[in-house]
Amino acid sequence: MTHERDDDDGGDAGDVGEFLISARSFAEYRAMFDLTDAQLRGAVLDCPGGGSNFTAHAARLGAGALAVDPAYARPPAEVAELAIREADRGNAYAGAAAASHVWDFHGDLAGHLRIRRASARQFARDVRAHPGRYVAGELPRLPFPDDRFDLVLTSHLLFTYADRLDADFHVAALVELLRVSRGEVRAFPLLDQTGQRVDTLLAEVRGRLTALHIDSTVRQVGYEFQLGGNEMLVLTA
């Protein structure tokens with residue numbers, strides 16, 4: 001299955017096989033995953049990475065950062081152009097649904113566009129200059145060895161697409177993310193793409209992880225764009 005990325009900046013993700021990627025910024029990642037400087041000094045995986053500049057920026061700070069996404073099977077120039085185009089489309093959707101978003105981080109719709117365009121442009125430069133940082137792959141099977149990363153981040157895929165990704169997929173994906181991590185896995189947000197809570201799915205997934213002897217906690221973070229979307233799920237290897 002191809003994993004699409006549309007999330008809080010877009011509506012329906014479209015048909016399977018259509019890649020929709022978002023360009024969240026490094027600053028957004030730091031806020032939504034509650035990241036410290038120390039956590040950005042090791043090996044970090046962004047899955048799925050989309051068109052974010054997180055990997056580029058983290059690598060500049062000295063992290064061993066990689067991103068994985070099915071979209072990276074495309075030529076770097078094509079992915080770069082798609083990321084820039086999608087920044088504008090996502091902004092238009094956010095504007096149409098402005099009342100269901102919190103604008104504290106971005107300031108306003110123009111600030112959101114400025115942040116996302118800058119992120120997409122940095123991603124576009126980096127994916128051309130350092131294509132090895134961007135690995136084609138998709139959950140629930142990743143092309144990395146066990147314990148490869150100190151920290152694994154996943155945003156706007158799990159729980160976001162609760163209408164089409166079932167509990168079996170969520171458990172398999174989280175177990176796989178934990179397999180490649182020797183530290184934590186952090187998943188954000190814990191809402192679906194319409195902004196609805198996913199308490200039933202979350203409880204089932206956490207229960208099944210517990211049965212596999214995998215600890216999980218829900219932590220509040222200082223970032224909220226979707227109303228109520230200020231929590232992440234944390235798994236410990």
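Which residues do ring pairs link into a cluster? They are Phe26, Tyr29, Phe33, Phe54, Phe105, Phe188 and Tyr223. This is a predicted model: local features need pLDDT of at least 70, side-chain atom pairs count only at pLDDT 80 or more, and totals for chains, interfaces and linings use all residues. Residues are numbered from 1 along each chain as its sequence is written, and side-chain values use heavy atoms, with hydrogens and water left out.

**Aromatic rings**

- The structure holds 11 aromatic pairs. Rings of Phe, Tyr and Trp (its six-membered ring) pair if their centres lie within 6.5 Å. Planes under 30 degrees apart count as stacked, over 60 as edge-to-face, and the rest as tilted.
- Tyr29 and Phe33 form a tilted pair, because their ring centres are 5.7 Å apart and their planes stand at 50°.
- Both Tyr29 and Phe33 are buried. Buried means under 20% relative accessible area, exposed means over 50%, and partly exposed lies in between (1.4 Å probe, protein chains only).
- Arg148 lies over the face of Phe149, 4.7 Å from the ring centre. A charge sits over a ring if NZ of Lys or CZ of Arg is within 6 Å of the ring centre and within 35 degrees of the ring normal.

- Helices (H or I, at least four residues) and strands (E, at least two) are DSSP runs, numbered from the N terminus.
- Helix α3 covers residues 76–96, which is 21 residues. From its first C-alpha to its last, α3 reaches 31 Å, close to the expected 30 Å. The expected span is 1.5 Å times one less than the number of residues.
- Helix α4 (109–129) also has 21 residues and reaches 30 Å, close to the 30 Å expected.
- An α-helix has 3.6 residues a turn, so residues three or four places apart point the same way.
- In α3, the buried residues include Val79, Leu82, Ala83, Glu86 and Gly90. The buried residues of α3 pack against α4. Contact means heavy atoms within 4.5 Å.
- The buried residues of α4 include His112, Leu113, Arg116, Phe123 and Asp126. Their cover includes α1 (26–32), α2 (54–60), α3 and β3 (134–135).
- Asp108 caps the N-terminal end of α4. One of its side-chain oxygens lies 3.2 Å from the backbone nitrogen of Ala110. A polar contact is a pair of N or O atoms within 3.5 Å; within protein, one must be able to donate a hydrogen and the other to accept it, and residues adjacent in sequence count only if both atoms are side-chain atoms.

**Backbone exceptions**

- Most residues other than glycine have a negative phi, and most peptide bonds are trans.
- A cis peptide bond joins Leu139 and Pro140, with omega about 15°. Pro140 is in the loop between β3 and β4 (149–155).
- Another cis peptide bond joins Phe188 and Pro189, with omega about -10°. Pro189 is in the loop between β5 (181–188) and α6 (199–211).
- Asp34 is not a glycine, yet has a positive phi of about 50°. Asp34 sits in the loop between α1 and β1 (43–46). Its relative accessibility is 43%, so Asp34 counts as partly exposed.
- Asp147 is not a glycine either, and its phi is positive, about 60°. Asp147 sits in the loop between β3 and β4. Asp147 is partly exposed, with a relative accessible area of 43%.

**Glu184**

- Is Glu184 buried or exposed? With a relative accessible area of 18%, Glu184 is buried. Glu184 is found in strand β5.
- Not counting residues up to four places away in sequence, Glu184 touches residues including Asp150, Val152, Arg219 and Leu235.

**Nonpolar cores**

- A nonpolar core is a set of buried Ala, Val, Leu, Ile, Met, Phe, Trp, Tyr and Cys residues joined through side-chain atoms within 4.5 Å.
- The largest nonpolar core has 34 residues. Leu45, Leu142, Phe159, Leu174 and Leu177 have the most contacts inside it.
- α5 (167–179) is among the elements that each supply at least two residues of this core. α5 gives the most, with seven residues.
- A second, separate core has 22 residues, including Leu35, Phe54, Leu153 and Phe225.
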